[in-house]
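Colleague: Before I rely on the labels attached to this model, I would like to hear the grounds for each of them.

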Amino acid sequence: AVKNILGETLQLGDRIRQIDAGTPLLGGIPEFDSAAVINVILSLEDRFGIIVEDEEVSAETFESVGSLAAFVDRKIAE
């Protein structure tokens with residue numbers, strides 16, 4: 001689901017098929033810039049009913065698709 005949100009938010013089209021948990025986000029997907037981070041966070045909050053606090057936004061969270069998915073899993077579990 002996180003992968004699909006990334007694909008939709010970043011308008012990756014067919015390139016979404018090449019993305020997996022190990023795909024780096026920061027520096028790995030050209031469309032993933034600071035504005036995209038905000039849009040992805042808003043989409044994740046909307047889709048999963050979570051709230052992402054400012055202090056939770058870090059380079060580690062957005063290091064890869066897998067790290068972002070793990071973050072979302074933790075937020076859902078809270």
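What follows is a short exchange about those labels and the values behind them.

Modeller: This is a predicted model, in which local features need pLDDT of at least 70 and side-chain atom pairs count only at pLDDT 80 or more, while totals for chains, interfaces and linings use all residues. Residues are numbered from 1 along each chain as its sequence is written, and side-chain values use heavy atoms, with hydrogens and water left out.

Colleague: Why is Leu 26 called partly exposed?

Modeller: Buried means under 20% relative accessible area and exposed over 50%, with partly exposed in between (1.4 Å probe, protein chains only); Leu 26 has 43% relative accessibility, and therefore counts as partly exposed.

Colleague: What makes Asp 14 and Arg 17 a salt bridge?

Modeller: The term requires a side-chain nitrogen of Lys or Arg within 4 Å of a carboxyl oxygen of Asp or Glu, and the side chains of Asp 14 and Arg 17 meet at 3.0 Å, N to O. Asp 14 is exposed because its relative accessibility is 57%, and Arg 17 is likewise exposed, at 65%.
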